[in-house]
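This report describes the fold elements and selected residues of a single protein chain. The sequence and the structure are shown first, and the description follows.

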Amino acid sequence: MVTDTIPVEFSPLPTTREERGRQIAQLGGIRPLGARYAVPSQSVRSDAPPTYLVDLVEQTCTCPDFELRRLVCKHQEAVLFWLAWEGTVNEHTGEVVLPKKRKTYKQNWPRKPGAGRNPIPLRDAVFATVMKVYTTLSGRRASTDIERCEERGHLGRAVHCSSVFRTMEDPATTPILVRLIEEAAAPLAEIENAAGQFAQDSTGFSTVTYDRWFDQAHGKLRAEHAWVKLHVMVGTVTNVVTGVKVSSEGDCPLLPALLAQTAKTFRVREVSADKAYLKKKNLAAIEAVGAVPFIPFKSNSVGMRSKSEPWKRMWCYFTLKSEEFRAHYHRRSNVESTMWMIKSKFGGSVRSRLPTAQANEVLAKVLCHNLTCIVHAVAEFGIDVGFGKPLVFSEHTSTSCAALQANFDGERGGE
């Protein structure tokens, strides 16, 4: 006859040495001696030592039982129990006293909804992104410099390179960088306003490292890879960028937008550009802000037959005062110098792969350039830059600006 049996969970009974070790631990008296432990003896013999030394690292004990068997003895078991109970054994009653539970208090931590860490502050994310571009290194190699910025208090917390990449790929970063470029150019307004001369041009940043924009612009390059085109208007005294846009559009239609961007902070008195910007609307936009255009005419330009009054005025200046016109026009050479400054310091190519990230990387290069222009102006014109305080112009700066103003007014015949 076969009967079904119900399986019973079996748990092994404690060994004799384990039970005696528990008793020794409950009695207390175990003392740590460096890396060893002194365990009191339970023997009633007069010749027995009062304590035995247990070494848990070497798994040894000085008792006769261990010397004979070379296995775990009751004294070793006692030390293990004593460590597990953290020595909280009442020596009088032999009961284990559990440690009191620490009182805790609820905290109202501000967190974003859902799982995960709090988002990185926008200020820290943009700062780390610009810092990464400034180092001209890859994201991981630039992490060390970003951590140094945190140590110096420039960042609330270090930003991981993956967060830097996400910030650069975010379209919302573009208007922030443009605004920062404008703010970085504003401290040099007094110096640039003394001359009031501005120039516009465009250049390209390669998505690879083995091509030149010169070859691309002049039709000598047959590569199929994309270029990131940068349009800028610069002040011809300090080479600071006053208007900026990253776009694949043609040069001519963007002059009014960059001019308006510049006129918000600067007093524009002259605008020079090459023949690519020769258009009646551009001349009218320049005169609308109270400036004089210096754009050379093409060989097939109609001259005085045009119905545009700004066109006729510039044609008269171009033909009757050719040398003076060309002297003002060649102030645009400074925009070429600005392009060279940006590319030589921060690279003529971009590391990013997505179009939005490429545009933001180029804008970050321009922002870094404007900051270097401020540093240069501190040494050349004596600007007192107190970070976090209003900008202060020293007496040397005011004298230099007055000299520039008198010089340019003399060139214009006191107009």
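This is a predicted model: local features need pLDDT of at least 70, side-chain atom pairs count only at pLDDT 80 or more; totals for chains, interfaces and linings use all residues.

## The four-stranded sheet

Strands β3 and β4 belong to an open sheet of four strands, in the order β1-β2-β3-β4, with antiparallel pairing. Among the residues paired here, Val 39 has Tyr 52 of β3 as its bridge partner, and Pro 40 is partnered by Thr 51 of β3.

Helix α3 (residues 74-84) lies across β1, β2, β3 and β4. The direction of α3 makes an angle of about 110 degrees with β2.

## Two loop residues with positive phi

Arg 70 is located in the loop between α2 (64-69) and α3. Its phi is near 60 degrees, a positive value in a residue other than glycine. With a relative accessible area of 51%, Arg 70 is exposed, because the cut-off for this class is over 50%.

Thr 136 occupies the loop between α4 (122-135) and α5 (143-151). The phi of Thr 136 is likewise positive, near 60 degrees, in a residue other than glycine. Thr 136 has a relative accessible area of 36% and is partly exposed.

## The five-stranded sheet

A further open sheet consists of five strands in the order β7-β6-β5-β8-β9, and its pairing is mixed. Strands β7 (241-246) and β9 (292-294) are the edge strands, each pairing on one side only. From one strand to the next, the twist averages 20 degrees.

Strand β6 (residues 227-235) and β7 run antiparallel and are connected by five bridges. In this pairing, Met 233 stands opposite Gly 243 of β7. Helix α13 (residues 322-329) packs on the sheet, where it touches β5 (197-206), β8 (270-272) and β9. The direction of α13 makes about 90 degrees with that of β9.

## Asp 201 in strand β5

Asp 201 lies in strand β5. Is this residue, Asp 201, buried or exposed? Its relative accessibility is 7%, and Asp 201 therefore counts as buried, since the buried class covers values under 20%.

Which residues does Asp 201 contact, leaving aside its neighbours within four places in sequence? The partners are Leu 230, His 231, Val 232, Asp 274, Tyr 277, Arg 332, Val 335, Glu 336 and Met 339. For one of these contacts, with Val 232, the two residues are 31 apart in sequence, while the C-alpha to C-alpha separation of Asp 201 and Val 232 is 5.9 Å.

## The packing of α10 and α11

Two packed helices are described by the angle between their axes and the distance between the axes. For helix α10 (residues 255-263) and helix α11 (residues 280-288), the axes come within 9 Å and cross at roughly 10 degrees. Helix α10 is therefore roughly parallel to α11, because angles under 35 degrees fall in that class.

On the α10 side, the contact is made by Leu 255, Pro 256 and Leu 259; on the α11 side, by Asn 282, Ala 285 and Ile 286. Classified by residue type, the contact of α10 with α11 comprises five nonpolar residues, one polar residue and no charged residues.

## Confidence of the model

The protein chain has an average pLDDT of 82, and 77% of the residues score at least 70. Over residues 8-12, the pLDDT is below 50, and this stretch has zero contacts in the model beyond near neighbours in sequence. Residues 390-397 also have a pLDDT below 50, but this stretch has 17 contacts in the model beyond near neighbours in sequence.

Conventions: Residues are numbered from 1 along each chain as its sequence is written. Side-chain values use heavy atoms; hydrogens and water are left out. Two strands pair if DSSP finds at least two bridges between them. Contact means heavy atoms within 4.5 Å. Axes are lines fitted to C-alpha atoms, for helices over the stretch in contact, and angles run from 0 to 180 degrees between N-to-C directions. Angles under 35 degrees count as roughly parallel, over 145 as roughly antiparallel, 65 to 115 as roughly perpendicular and the rest as oblique. Ala, Val, Leu, Ile, Met, Phe, Trp, Tyr, Cys and Pro count as nonpolar, Asp, Glu, Lys and Arg as charged, and the others, Gly among them, as polar. pLDDT is the predictor's confidence in each residue, from 0 to 100. Buried means under 20% relative accessible area, exposed over 50%, partly exposed in between (1.4 Å probe, protein chains only).
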